[in-house]
Amino acid sequence: MSVSTAGYLARRAAQKERVQILYRRALRDTLNWAVHRHLFYQDASNLREKFDANKHVEDLDAIDRMIAEGEAQYNKWRHPDPYIVPWAPGGSKFTRNPTPPSGIEIAYDYGREDND
């Protein structure tokens, strides 16, 4: 009995993690589609209602099926040009000012080094 209980709990934990990841991704993608913040709040509320509508489901196979359908729907409707924070990898300012090559020394006390 403990083996099946442990397997059940492990599967439920994995499902919970997949749902959380799917929700976060979908919420972030909703922000990409919304032009204004008040539109995002309504879309985020609708998304939360969709997730909360299936909170009561206990059948493990049905949960796996719903997660797979949700991931497929997310991949189908994902934004083609998502917003990337400018200084994050892939952003417009990422490595705009790259670190200098090795061997080049930066003097932060320029003009004061001879006055000591």
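Analyst: Asp-61 counts as partly exposed because its relative accessibility is 47%, where buried means under 20% relative accessible area, exposed means over 50%, and partly exposed lies in between (1.4 Å probe, protein chains only). This is a predicted model, in which local features need pLDDT of at least 70 and side-chain atom pairs count only at pLDDT 80 or more, while totals for chains, interfaces and linings use all residues. Residues are numbered from 1 along each chain as its sequence is written, and side-chain values use heavy atoms, with hydrogens and water left out.

Now to the partner of Asp-61. Its side chain meets that of Arg-11 in a salt bridge, 2.8 Å from N to O; the term stands for a side-chain nitrogen of Lys or Arg within 4 Å of a carboxyl oxygen of Asp or Glu. Arg-11 lies in helix α1 and Asp-61 in helix α3, so the pair ties together parts that are 50 residues apart in sequence. Helices here are DSSP runs (H or I, at least four residues), strands are E runs of at least two, and both are numbered from the N terminus.

Arg-11 also forms a salt bridge with Asp-64, at 2.6 Å from N to O. This pair again links distant parts of the chain, with Asp-64 in helix α3 and Arg-11 in helix α1, 53 residues apart. Together, Arg-11, Asp-61 and Asp-64 are linked in a network of salt bridges. Arg-11 is partly exposed at 32% relative accessibility, and Asp-64 is partly exposed at 24%.

How many salt bridges does a search of the whole structure find? There are 4. Among them is the pair Asp-52 and Arg-48, whose closest N and O atoms are 3.3 Å apart. Both of these residues lie in helix α2 (residues 37–52), 4 residues apart, which is about one turn of the helix. Asp-52 is partly exposed at 34% relative accessibility, and Arg-48 is partly exposed at 39%.

Let's finish with a neighbour in sequence terms. Ala-72 lies in helix α3, which covers residues 60–77, and Ala-72 is partly exposed at 45% relative accessibility. Between Ala-72 and Asp-52 there are 20 residues of separation in sequence and 19 Å in space, C-alpha to C-alpha. Over residues 19–73, the chain is 82% helix and 0% strand, and the end C-alpha atoms are 13 Å apart.
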